[in-house]
Amino acid sequence: MPPPRTREKALRRRLAELRGPEVPAKALDARALAALAANPGCRRRAILDGAGVNKAVLADALGSPSVFGQSQFAFVRGNAFEAKVKADGGTELLRLAHEKLDRAAEPPADARVPDLTAQGPQGRTARTELALREAGEAPGTWTLLDHPMLALEVAGSPAFLEPDAVVVHPDGSWTVVEIKSFPMLDGAADPAKVGAAARQAAVYVLALERVAARLDPAPRVRHRILLVCPKDFSNLPTASAVDVRKQRAVTARQLDRLTRIEEIADTLPEGTCFSPELPAEQLTQAVEAVPATYAPECLSACELAFHCRDRSRAEDAVTRLGRPVRAELGGLTTVGDVLAAARGEAGDPDDPAVAALRRAAALRAEALEAAALLEVAPCP
């Protein structure tokens, strides 16, 4: 077996071939990792994300443009709000961290904000780890890491992640900070948006835990993150502590289930390439060479969702009805199979799914018959 460094170089070369010549790689961020963890059975998304393929550009080339993503206005507004929160050395951000997470500690009067600039993602990752180590060697002080760089291995391939901030408390523990531009009205924000932020922060918590495990003694990574948002309809920051233990456990389990990227790459035909410069027919053939696991939830998380939905409809697959329905249907994989089983034309009668479908069909027929009799019955 080749040494690990040789295997890693071979994998990088293979992924570059899949991405296409001279096509820059799109970095795998925490939002993409959270979406990938939510659908670990999708080999298509795993290989495309692992190869750094820009799925939005790919969707356009396939003729199924994506509407997924943040608008330019929201992006600019978010950057402006983040700059306001971190102004003056992060004074307001640290005040919120003290108020919401660590009231027993001394107020953050003289906080440290180390310089994290370095060459390339590997250099920034090493600089972040050094800054975290140095913060642990200075107990009793607050430290703010602005846009640190963390690394997390996903399906055998490293992913570099950049949280908005990480706070080191006076007791040496670490907290992930998520800064979002959606409002917090009367102390509460949109639950769906808070849930998405929690799933994203859980990825950062996992990456921080990998760093902590390499230090002696290992610092505590807090499972309550600081979510900072605009207060009501103003541009003033407010915050809440969000427990991400559940999201962290689910994400860790799902990421562990991901098939290693090199295993997926080895199953692809020689010469497979996902470059958007290819003819549409050739590009479609390359994408279809990797199996996808489509579900309606993909529409809010993946740029290729419309393409996969069209394919799922063309194949009459039950996955387009949602994961709960798919789980209940067992070995019945198409809508045609389901209808045939319900009518008694196919399927094993001893199969619980088939038996349930036939029972449901019989009850429906009885209900329709009773309704018909009521309609034709004369009025008393």
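Reader: Before we start, what counts here, and how are residues numbered?
Author: Residues are numbered from 1 along each chain as its sequence is written, and side-chain values use heavy atoms, with hydrogens and water left out. The model is predicted, so local features need pLDDT of at least 70 and side-chain atom pairs count only at pLDDT 80 or more, while totals for chains, interfaces and linings use all residues.

Reader: OK, strands 2 and 3: in which sense do they pair?
Author: Strand 2 (residues 150-154) and strand 3 pair in the antiparallel sense, over 5 bridges. Strands are DSSP runs of E, at least two residues, and helices are runs of H or I, at least four, numbered from the N terminus; two strands pair if DSSP finds at least two bridges between them.

Reader: And what stands opposite E153?
Author: That's P158 in strand 3. The two strands form a hairpin with 2 residues between them, and A155 in the turn has a positive phi of about 55°.

Reader: Which residues of strand 3 are on its covered face?
Author: S157, A159 and L161, while P158 and F160 are on the uncovered one. In a regular strand, side chains alternate between the two faces of the sheet.

Reader: New topic: where is H147, and what's its phi?
Author: H147 lies in the loop between strand 1 (143-146) and strand 2, with phi near 50°. H147 is partly exposed at 26% relative accessible area (buried is under 20%, exposed over 50%, partly exposed in between, with a 1.4 Å probe and protein chains only).

Reader: Which peptide bond is cis?
Author: The one from D216 to P217, with omega near 0°.
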